Amino acid sequence: MDTQRDQSDAPAAGVAAETRVPGPDRPAPAQADTQEAGMDGPPGPAPTWRVLLRHMRPSWRWLVLGGLLNLTAGAVGLALPLAAKRLLDDLGADRPLAGALALMGVLVVVTAGVGPLGEYVLRRTGETIVLTARRRLVSHLLRLRMSAVDHAEPGDLMSRVTSDTALLRQVTTDSLVGVVTGSVTVLATVTMMGVLDPVLLAVTLGVLALAGTVVRVAMPRLSRASKEVQKAVGRMSAVLERTLGALRTVKASGAEHREEAALHGAAEGAWRAGVRAAKWLAVAGHTAELALQVAFFTVLAVGGARVTSGTIGVGTLVAFLMYVYYLVPPLQQLVGAAGQYQIGAAAVARMREAERLPAEPAAPPAALPQPGAAPARLEFRDVRFRYTPGLPFVHRGVTFTVPPRGMTAFVGPSGAGKTTVFSLIERFYDPTSGSILLDGRDLARWDIPSLRSAIGYVEQDAPVLSGSLRDNLVLGAPDTTERDLTRVLRVARLDGLVARLPEGLDTLVGHRGSKLSGGERQRVAIARALLRRPRLLLLDEATSQLDAVNEAALRDTVVEVARTTTVLVVAHRLSTVTLADRIVVLDAGTVQAVGTHAELVASDPLYAELAATQFLTAAP
Ligand SMILES: Nc1ncnc2c1ncn2[C@@H]1O[C@H](COP(=O)(O)OP(=O)(O)OP(=O)(O)O)[C@@H](O)[C@H]1O
């Protein structure tokens, strides 16, 4: 049975361990797409152009429209030299100019109208593609398995959502659409040049071929530099997130200069790579422009000779030279598109890495338990678990049963695996073998939102999110009524704080609740959990930072809650532990003993020692 479980669970934990987000310095994972990771493509990393097409597919109509408008503007522009030729011919032949002038006027007006419209449509579509990519990536990141998050740098993940997705804008519109419209325009221009004079066309193409060689040399270098830029930006975001997230610790440790040096280093890395990319982009872009200038003078010389010899007329030469200049924008567009493609490809690769991280299946939110819903029953059966394959097991066959209602306390030395029990109940991780049953049903068979809706969890460090006090309280129960809120505030002994604050519940609590005291944060976390009307309440050292008065009050609250709900507590204070209906002693990943305080003091040497040394107060 264990073997079976091992196999069925292996992908969740195993994949996660191997599919770490390649931090800025780590190599990309050589791992296939998974359904779990939300990718619908075939296994194996798809080529960049296919991924780009996938991003563009939903907006293809707009892209085609924008491209067509651009092409129309280009085509109308192409007719201008012909109108100019007609003007010169009419002038030479002493014919009236009104017709030629009117034609030129119409062409100019149409070009002026259609060109900007096409550009607007394309840019708007680019924004839509970025929006879709951001939504998709954000949704995926919020569902990441904790095992994937453990191996990722939040700052680096953030840069993938903000900076990498932004690069899609250029690569999908300027680049891919630019390739199409640029190619068509170049082709049409070259055709017109061929019609006017094939010899001059051959001269022009000869000069351009030389420029093509330089561009071919520049592109791979640009690609490498672009990847470096994005990596360095990710590295900088990661360091910045680390530093700003723990600025008090950094200041208290006097580590500002070291963190500053790390940030400056990352920023300089981005700058160096950016400058390298700029160099190759400039080389490629200006090579095309320079080549066209050379082509212009060569055509002028050769064409002048042909005019002198009477092979072609002045009108033809002038029209041809205008076409040479008409080649500048589409050729620059083509070279720019190739450059943008290299930059975009680096960003797409980074987004793909994040999208391929294992995530929980998407599921609609589940309703919270109704008031008076039955308390949960919990069972651990021979659970073995380790966070990372290859590392020692944290749980080595944990077995215990928790009946509905009442309080069960988990005690044991630091690192024994108490918090891990809660993490497994929440399905932040899945056991490597063995099973966990809630109400007699294996957790693996619960859909995750329904499972979590039954649970209220107060974590060890009682995290509070930036935002208002009210946002934090109703985070897990957005439909809370004012009456329930008032009741829970009283129960969690937060009513005094709310009354004191100038803006009451709408007071902003700062990043991670930095404007609250440790004890206040714990009470907010407890209130937040209680508002979910949990059938199973998990309290991980939830009262460790409270003063004696508040602790005693909240202890009474927990005892009260335990009359109707199953409550699990990880506690280090004897005052909490002795109130428990049963105590589970964990040591080195196994259950050492289960019993009441009195039973365990008498029968379990480890518990007796913990009671004597670790717990803060003496036996009651
Ligand atoms: N996300 C993680 N990735 C890898 N190892 C982890 C992770 N979380 C915890 N551990 C390791 O698992 C072991 C058990 O941790 P756990 O937090 O469950 O212990 P605990 O009994 O709650 O300890 P404490 O009383 O100090 O809070 C520890 O050795 C810890 O280093």
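How far apart do the C-alpha centres of domain 1 and domain 3 lie? They lie 55 Å apart. This is a predicted model, in which local features need pLDDT of at least 70, side-chain atom pairs count only at pLDDT 80 or more, and totals for chains, interfaces and linings use all residues. Residues are numbered from 1 along each chain as its sequence is written.

**Confidence**
- The average pLDDT (the predictor's confidence in each residue, from 0 to 100) of the protein is 83, and 91% of the residues score at least 70.
- Residues 1-43 have pLDDT below 50, and this stretch has 85 contacts in the model beyond near neighbours in sequence; two residues are in contact if their C-beta atoms, placed from the backbone, lie within 7 Å.
- Residues 616-620 also stay under 50, with 8 contacts beyond four places in sequence.
- For the complex, the predictor gives an ipTM of 0.97 and a pTM of 0.76.

**Domains**
- The division, from an automatic or database domain assignment, is domain 1 (47-230 + 275-355), domain 2 (376-454 + 534-620) and domain 3 (463-533).

**Helix packing**
- Helices (H or I, at least four residues) are DSSP runs, numbered from the N terminus.
- Axes are lines fitted to C-alpha atoms over the stretch in contact, and angles run from 0 to 180 degrees between N-to-C directions.
- Helix H7 (residues 198-245) and H9 have axes that come within 8 Å and cross at roughly 170°, and the two are therefore roughly antiparallel (over 145 degrees).
- The contact of H7 with H9 comprises 35 nonpolar, 8 polar and 5 charged residues; Ala, Val, Leu, Ile, Met, Phe, Trp, Tyr, Cys and Pro count as nonpolar, Asp, Glu, Lys and Arg as charged, and the others, Gly among them, as polar.
- The axes of H9 (residues 256-308) and H10 (residues 314-326) come within 10 Å and cross at roughly 170°, which makes H9 roughly antiparallel to H10.
- Residues making this contact include Leu-292, Phe-296 and Gly-303 of H9 and Leu-317, Phe-320 and Tyr-325 of H10.
- By class, the contact of H9 with H10 has 12 nonpolar, 1 polar and no charged residues.

**Ligand shell**
- Among the residues around the ligand are Asp-150, Tyr-387, Lys-418, Thr-419 and Gln-460, a residue being near if its C-beta atom, placed from the backbone, lies within 6 Å.
- The shell has 3 nonpolar, 7 polar and 2 charged residues.
- Helix H12 (residues 418-425) gives the most to this shell, with 3 residues.

Definitions and conventions
Parallel < 35°, antiparallel > 145°, perpendicular 65-115°, else oblique.
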